[in-house]
Amino acid sequence: MRSLAIFPGCIVLFAVLWDAFETIILPRRVSRKFRVTRLFYRSTWPPWRALSRLFREAKRRELFLSLYGPLSLLFLLIVWAAGLIIGFALLHWADGSAFQTADGQVSLTTDLYLSGSTFFSLGLGGVAPRGAFPRALVVVEAGIGFGFLAMVISYLPVIYQAFSRREVTILLLDARAGSPPTAAELLRRLRQDHRMEALQQLLQEWERWSAELLESHLSYPMLAHFRSHHDKQSWLGALTAILDTSALLIADFKGPDRHQAKLTFAISRHAAVDLAQVFAIPPLKPAEGRLSANELTELRIHLATVGVPLREDSGVEERLTCLRQMYEPYILALSKYLSLALPPWLPGHQPRDNWQTSAWDRSFTPRRRDDEIRSRAGTLEDELFG
């Protein structure tokens, strides 16, 4: 009966090693349904997301959700290591546990002990393999353990470098489009600063950012669970704001920058669709659109007031609706799955950017003069930054 254990042992070893190869080394999307990594994330993320609803305060809930990304990466490495240890232990057990111990007693726990000691290169002794096959297994497992440690050491910096590159551009969007970023605020600030000529450069930068986002998150899907430093910012919110801006420029903008808007829209939409496919999330059809007809009218008035050149034909709403249908179902699905809020089209009443707020303001401001100082500071900020 022991000899039958060689089959599950080989299957476990092959599944773990191939999954680690696809996750760490293979630089492309894997479409197979059965994967250890996919099974791990699909079985741990929904319960973690459900537990976050127990926190009534939004900041505590967001902090709890932000812990999942780094912790899931560490636990995935533990799952891989445990799978390899169990797989080699089953092979030793199938071979009859040919070991020499101090007390002469050998059991399945002895196989697990030898496998774990060999995998982590502990070399504690107490158990010595007898025969060519057990010794060969020990040598192979020791080599795989050493290679596994080397991959982990090289894997973690790659993940955090990709996260850092993603977040730098998102942080730069704060002063350009508000917190959370909105298409209306982005265009208003560009126009108000008389920098509409910089629009094409900004769209080019975000075209490249979307391409890098697609490449990094297809290679390492767990990056999608790594949340941004500030509550009002996220990679999905930034991607949505750029899609909204590009769609609005294509449908309603009267200027030479529409071609670049089409290119940015294409790669950004590609990123949203492919990432939804990575997580096997079907697109959602919203019960109510993110932008109603009245809000669209308010948006156009908002932009026309600051001098943004808009079209005057009656097909703007139809064109914008068609463009929105190409990406909104996917970003809504990602938003629901990842518990990431989507930005609106229009900014809220008197929005304050993240850079304008600080937890130390109340500590250093006298209470009786608090309202007066804040009012003066707000007026000065409006004069300087529009």
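A crossing of two helices is called left-handed if the near helix is turned anticlockwise from the far one by less than a right angle, and right-handed if clockwise. The model examined here is predicted, so that local features need pLDDT of at least 70 and side-chain atom pairs count only at pLDDT 80 or more, whereas totals for chains, interfaces and linings use all residues. Residues are numbered from 1 along each chain as its sequence is written, and side-chain values use heavy atoms, with hydrogens and water left out.

The protein contains 16 helices and 2 strands, taken as DSSP runs numbered from the N terminus (helices H or I, at least four residues; strands E, at least two). Of its 386 residues, 46% count as buried, that is, under 20% relative accessible area with a 1.4 Å probe and protein chains only, where exposed means over 50% and partly exposed lies in between. Cys10, at 40% relative accessibility, is partly exposed, as is Cys322 at 44%. The structure holds 0 disulfides, a disulfide being a pair of cysteine sulfur atoms within 2.5 Å.

Helix α6 (residues 132-172) packs against helix α9 (residues 199-219) at an angle of about 155 degrees, their axes lying 11 Å apart; the axes are lines fitted to C-alpha atoms over the stretch in contact, and angles run from 0 to 180 degrees between N-to-C directions. The two helices are therefore roughly antiparallel, a term applied to angles over 145 degrees, and their crossing is left-handed. In this packing, Ala162, Arg166, Thr169 and Ile170 of α6 meet Trp206, Trp209, Leu213, Ser216 and His217 of α9, contact meaning heavy atoms within 4.5 Å.

Terms used. Angles under 35 degrees count as roughly parallel, over 145 as roughly antiparallel, 65 to 115 as roughly perpendicular and the rest as oblique.
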